[in-house]
Amino acid sequence: TACSSKYVLSQMHPMWQGPLAIPGGDRQSPIDIVVRKSIFDSELKPLVSVYDPNTCQQIWNNGYSFLVEYDDTTDKSTLKGGPLQDNFRLCQFHFHWGESNAWGSEHTLDRRLFPAELHLVHWNSDKYSLFEEAVMEDNGLAVIGVFLKVGKRHEGLQKLVDALPAIRHKGSVVEFTRFDPACLLPSNINDYWTYHGSLTTPPLTESVTWIIMKHHIEVSHDQLAVFRSLLFTSAEEDVQKSMVNNFRVQQPLCGRAVRSSFS
Ligand SMILES: CC[C@H](C)CCC(=O)Nc1ccc(S(N)(=O)=O)cc1
Ligand SMILES: [Zn+2]
């Protein structure tokens, strides 16, 4: 089964070709969260996020998504509590979305797809001194996933949406400051599911404690349309490809438990 093989056939996704040697391969992400099979764990503590908007530095198009990057040289923007034993530093956040509002998220709830999914990426600053170290280690990373639904305009998101035309092409970067990522979290962050998984793009390392929020945020159709105006390709390439459907196919659970912080 795909749970034991050391190689996973190349995902037929434009993002990458060829067989990938994935470490272990039995705790890959994303997954479908079967809500009725998740296990309430009363030991799970409330999540504590403290984000300093002054650590926001830049926004750039890396050819997979667009990333908002934070200064992670100090413990100014951190996440702890929940399923986490240690203190984690925010290094970046990004999104995954579809070409239509019918799909786009990486995780699903009982197979339900959302038009987009936000990932806030943190690394264990108690155990490691650099993100690049933590990314290779068990539980070196913690990623918060938030589902997006299309509805009313998200006022906090608009500052980010307005910066996107400046980074249309792969490799473009612009300064982006004083953005508080807390504005992208749902009002209630104490209802979540958590499981052990991996990065959803290469290097696909199995170093992530995933924390998937039960409650979604709403963005407008027009705001999501600007995400789709980004390009996978750099300015020099002849054929420009719209940055859409930048999500990975779902991976086998391989017997992993998905715990919930709420009953
Ligand atoms: C040496 C490794 C390199 C630096 C890794 C760069 C990086 O940050 N990758 C990354 C981060 C988050 C996700 S996700 N989509 O949240 O699972 C996927 C890939
Ligand atoms: Zn992601």
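**Reading the terms against the values**

Modeller: R178 lies in the loop between β13 (173-175) and β14, where strands are DSSP runs of E with at least two residues, helices are runs of H or I with at least four, and both are numbered from the N terminus. This is a predicted model, in which local features need pLDDT of at least 70 and side-chain atom pairs count only at pLDDT 80 or more, whereas totals for chains, interfaces and linings use all residues. Residues are numbered from 1 along each chain as its sequence is written, chains are lettered from A and ligands numbered from 1 in the order in which they are written, and side-chain values use heavy atoms, with hydrogens and water left out.

Colleague: Why is R178 called exposed rather than buried?

Modeller: Exposed means over 50% relative accessible area, buried means under 20%, and partly exposed is in between, with a 1.4 Å probe and protein chains only. R178 has 59% relative accessibility, so it counts as exposed. Its phi is also positive, near 50°, in a residue other than glycine.

Colleague: What makes D110 partly exposed?

Modeller: The relative accessibility of D110 is 42%, and therefore it counts as partly exposed. D110 sits in the loop between β10 (108-109) and β11 (116-124), and it has a positive phi of about 50° although it is not a glycine.

Colleague: Is D41 buried or exposed, and how do you know?

Modeller: D41 is at 16% relative accessibility, so it counts as buried, although it is found in the loop between β4 (39-40) and β5 (47-50). Its side chain reaches the backbone nitrogen of E43 at 2.8 Å, and a polar contact is a pair of N or O atoms within 3.5 Å, of which, within protein, one must be able to donate a hydrogen and the other to accept it, while residues adjacent in sequence count only if both atoms are side-chain atoms. Not counting residues up to four places away in sequence, D41 touches R259 and S260, where contact means heavy atoms within 4.5 Å.

Colleague: Which backbone oxygen does the side chain of Q251 lie close enough to for a distance to be quoted?

Modeller: A polar atom of the Q251 side chain lies 2.7 Å from the backbone oxygen of V249. Q251 is in the loop between α3 and β17 (259-260), and with a relative accessible area of 10% it is therefore called buried.

Colleague: What is the relative accessibility of L224, and what does L224 count as?

Modeller: L224 is at 0%, so it counts as buried, and it is found in helix α3 (residues 221-227). Leaving aside neighbours within four places in sequence, L224 is in contact with N101, P115, A116, V150 and V219. L224 and N101 are 123 residues apart in sequence and 8.5 Å apart in space, C-alpha to C-alpha.

Colleague: Which peptide bonds are cis?

Modeller: Among them are the bond joining S29 and P30, with omega about 5°, and the bond from P202 to P203, with omega near 10°.

Colleague: Why is the protein described as compact as a globular protein of that length?

Modeller: The protein has three helices and 17 strands. Its radius of gyration is 17 Å, close to the 18 Å that the globule rule gives for 263 residues, so it is as compact as a globular protein of that length. That radius is taken over C-alpha atoms, and the rule is 2.2 Å times the number of residues to the power 0.38.
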